[in-house]
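Please look over the structure shown here before reading the briefing that follows. The notes are grouped by topic.

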Amino acid sequence: MFSRRMGKQVDKIPPETMAAFQSYSWPGNIRELQNLVERAVILSRDGQFPNPLHKKQTELVMPSLHHTRTVYSSKALEDSDRGLILDTLEQASWIVG
């Protein structure tokens, strides 16, 4: 849907990107998924679907060797989201849609 709307063809999803999507907890459910897919299509180059998940987001859900999770404050998550948005906007030259 997003690739048609933006006139971009996405032919490949790298295994690392698929693994990141599968391991992410999706606290925003389907709306968050839609937003990240749209972001990835915007950032896609050469038909490849990039990983739009910020490294810190995937670290939140990836289990460690000791089966413990790091708990972050809501302020840290807010800062992480803000950083992700700014990074994405810069990569897209501040062009949305």
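Helices (H or I, at least four residues) and strands (E, at least two) are DSSP runs, numbered from the N terminus. On that basis the elements of the chain run α-α-α-α-α from the N terminus on, with five helices and zero strands in the chain. This is a predicted model, in which local features need pLDDT of at least 70 and side-chain atom pairs count only at pLDDT 80 or more, whereas totals for chains, interfaces and linings use all residues. Residues are numbered from 1 along each chain as its sequence is written, and side-chain values use heavy atoms, with hydrogens and water left out.

**The chain as a whole**

- Where contact means heavy atoms within 4.5 Å, 70% of the contacts between residues at least 6 apart in sequence join residues at least 24 apart.

**Aromatic rings**

- Rings of Phe, Tyr and Trp (its six-membered ring) pair if their centres lie within 6.5 Å, and planes under 30 degrees apart count as stacked, over 60 as edge-to-face and the rest as tilted; a search of the whole structure finds three such aromatic pairs.
- The pair of Phe21 and Trp26 is tilted, because the ring centres are 5.4 Å apart and the planes stand at 50°.
- The pair of Tyr24 and Trp26 is edge-to-face, because the ring centres are 4.7 Å apart and the planes stand at 85°.
- Phe21, Tyr24, Trp26 and Phe49 form one aromatic cluster, in which Tyr24 is buried with a relative accessible area of 8% and Trp26 is buried with a relative accessible area of 16%.

- Helix H3 (residues 29-43) has 15 residues and reaches 21 Å from its first C-alpha to its last, close to the expected 21 Å, a span defined as 1.5 Å times one less than the number of residues.
- Buried residues of H3 include Glu32, Leu36, Arg39 and Leu43.
- Thr88 is found in helix H5 (residues 74-91) and counts as buried because its relative accessibility is 12%.

Technical notes. Buried < 20%, exposed > 50% of the residue type's maximum accessible area, 1.4 Å probe, protein only.
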